[in-house]
Amino acid sequence: GAAKVGKATILTNVAGDAVREYEIEITRVYSGAGGPRNMMLKVTDPRLLERTGGIVQGMSGSPILQNGKLIGAVTHVLIGNPTEGYGIFIESMLDQAFWQESENVS
């Protein structure tokens, strides 16, 4: 995948506001791991931490951008630590969408 450990952003809508970009850090990338947990992320944006304390319900599916490219989406939050969570690579999302589509053809 295109994702690398380091700075990234998520696009999300907090408390009825417009969609904004918030800073995160990708702390781990799991190579070749299937399923919705391809990377681990940590919210570093003080505005988001102040507003929500981290990743909250409804942020699942928020796009993750790195170096101006869409690399994936938020999938899970760590129970007991909302500043950290998981994301899925865009490639995994596209693969899954492709397989779901092709299964529906029959």
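At 44% relative accessibility, Arg47 counts as partly exposed, a class that lies between buried (under 20% relative accessible area) and exposed (over 50%), with a 1.4 Å probe and protein chains only. The model is predicted, so that local features need pLDDT of at least 70 and side-chain atom pairs count only at pLDDT 80 or more, while totals for chains, interfaces and linings use all residues. Residues are numbered from 1 along each chain as its sequence is written, and side-chain values use heavy atoms, with hydrogens and water left out.

**Exercise 1.** Find the salt-bridge partner of Glu25 and the strands in which the two residues lie.

Solution. The partner is Lys7, with 3.9 Å between the closest N and O atoms. Because Glu25 belongs to strand S2 (residues 19-29) and Lys7 to strand S1 (residues 6-13), the pair ties together parts that are 18 residues apart in sequence; strands are DSSP runs of E, at least two residues, and helices runs of H or I, at least four, numbered from the N terminus. Glu25 is partly exposed at 25%, whereas Lys7 is exposed at 62%.

**Exercise 2.** Locate Ser62 and list its contacts beyond four places in sequence.

Solution. Ser62 sits in the loop between helix H1 (46-52) and strand S4 (63-66), and is buried at 6% relative accessible area. With contact meaning heavy atoms within 4.5 Å, Ser62 touches Leu11, Thr12, Gly72, Ala73 and Val74 once neighbours within four places are left aside.

Technical notes:
Salt bridge = Lys/Arg side-chain N within 4 Å of Asp/Glu carboxyl O.
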